[in-house]
Amino acid sequence: MALDEAQHTPSSSTLVAELANYGIDETVRNALASMVDTAPGAMLYRFNPAYLAEEVGLSRRSGLQMMAAAVQVGLFNLNWEARCIYCGYQAHAFDKLTQAHSKQYCAMCRDDFQAKLDDGIHVTFSVAERVRSLPAGIDNEAWREATDRRLGVTTSHELLTVQAFRDLFIDEPLPDGESFQIKWAALMFTDLGGSTALYARKGDPRAYSLVREHFNILFNVVNQAGGAVVKTIGDAIMAVFVDGAAAVKAGQNALAAIEAFNRERELADDERLTLKVGVHAGPTLAVTLNDRLDYFGTTVNAAARVQSSANYAELVVTQQVLEAPGVAEILPSDLANETLILRGLDDLPFSVVRLQHTN
């Protein structure tokens, strides 16, 4: 490395210090700096982010949020790895979503396989070359496999339900015509009641201000619960989760947060915001729509219609979500099931429960 280049290459301590700007506290930054400087090189090469989270004392999700910031400042590089769904062999690796393809070939099995975002495309991280140069042959495959067995792999879909990573990849659509199957995702749709009338009554500036504040509340609720907002649609949002219980909590918390907003702002009856929420789950497709990573398919359509069936200040949850791990424990045991026939999905009756928010 030339002298002038070395002088302009930031040290690991400088990059770690930048994480303070992303809300990473000092204790975690110190633990991370120590790892980057002193950990065996194999532990910093294609490592499972759940391992690093454990080492610095963070939850799995908080660790991913930290890694988003660490990638942003240039501390680590993100690796997308297509692994054979039959034998686990790494068939292909790519640096960007723009390079991703769902059809993969395994040289070990000598066969094609269809990689899904939640089964076949994993994510790992490596320390950036400019931060710490690792020698050739540093890979400890046995350690990585043992870590994955102990902590569980981190799938690309798990990563993309962290808002910070979705925001990082805003300019990285999938290749033209490409889509990825997802075996299971929980989708939450919301809708704000009476917003058109609110604009008419209070005028555009006042109504727009309230609607924007409502979006801020929902983005925060979704992120705190463990999901990511995919997009806004008028005055509605669509959010995605890998965990059904997290999606239900987000729906419950969204209703409570909007009601709390009404109280705290002491909004008059003609300004009060009301929300209805629907949560459904199942297989879906990850696609690029309007240059953004989005979701497509029957599960998406059904989730939107489930939300439409809700009354305001009500959360409707389908049986597909109720069957997910942890959901039954957070809901009342005396909820009555109801059968819904959704518009456009007449041959698919949906069993749902309704939860009303009470002050």
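User: So a cavity is a set of points where a 1.4 Å probe fits but cannot get out. What volume does the largest cavity have here?
Analyst: About 80 Å³. Bear in mind that this is a predicted model.

User: Which residues line the largest cavity?
Analyst: Leu 160, Arg 166, Phe 169, Ile 170, Glu 172, Asp 291, Arg 292 and Leu 293. By class, that lining has 4 nonpolar residues, 4 charged ones and no polar ones.

User: How many cavities of 30 Å³ or more are there?
Analyst: The structure holds 2. The second largest cavity takes up about 40 Å³.

User: And what lines the second largest cavity?
Analyst: Arg 46, Phe 47, Asn 48, Arg 83, Thr 124, Trp 143, Arg 144, Thr 147 and Asp 148. The largest share of that lining comes from helix α6, with 4 residues. The classes are 2 nonpolar, 3 polar and 4 charged.

User: Switching to helix packing. At what angle do α4 and α6 pack?
Analyst: About 75°, with the axes 9 Å apart. Angles of 65 to 115 degrees count as roughly perpendicular, so α4 and α6 are roughly perpendicular to each other.

User: Which residues make that contact between α4 and α6?
Analyst: From α4, Ala 50, Tyr 51 and Glu 54. From α6, Trp 143, Thr 147, Arg 150 and Leu 151. By class, the contact has 4 nonpolar, 1 polar and 2 charged residues.

User: How do α4 and α5 sit?
Analyst: Helix α5 covers residues 60-73. Its axis and that of α4 come within 8 Å and cross at roughly 105°. That makes α4 roughly perpendicular to α5.

User: What holds the contact on each side, residue by residue?
Analyst: α4 brings Pro 49, Ala 50, Leu 52, Ala 53 and Val 56. α5 brings Arg 60, Gly 63, Leu 64, Met 66 and Met 67. The classes are 8 nonpolar, 1 polar and 1 charged.

User: One more pair. Where are α3 and α4, and at what angle do they pack?
Analyst: α3 is residues 26-38 and α4 is residues 49-56. They pack at about 120°, with their axes 9 Å apart.

User: Why call that oblique?
Analyst: Roughly perpendicular stops at 115 degrees, and roughly antiparallel needs over 145. So α3 and α4 are oblique to each other.

User: Is the crossing of α3 and α4 left-handed or right-handed?
Analyst: Right-handed. The contact uses Val 28, Ala 31, Leu 32 and Met 35 of α3. On the α4 side are Tyr 51, Leu 52, Glu 55 and Val 56.

How values were computed
Residues numbered from 1 in each chain as written. Predicted model: local features only at pLDDT ≥ 70, side-chain atom pairs only at ≥ 80, totals over all residues. Heavy atoms only, no water. Axes fitted to C-alpha atoms, helices over the stretch in contact; angles between N-to-C directions. Helix = DSSP H or I, 4+ residues; strand = E, 2+ residues; numbered from the N terminus. Parallel < 35°, antiparallel > 145°, perpendicular 65-115°, else oblique. Left-handed = near helix turned anticlockwise from the far one by under 90°. Contact = heavy atoms within 4.5 Å. Nonpolar A, V, L, I, M, F, W, Y, C, P; charged D, E, K, R; others polar. 1 Å grid on protein atoms, 1.4 Å probe; cavity = no way out; pocket = protein on both sides within 12 Å on 5 of 7 lines; lining within 4 Å. Points joined across faces, edges and corners; volume = space filled by probe spheres on them.
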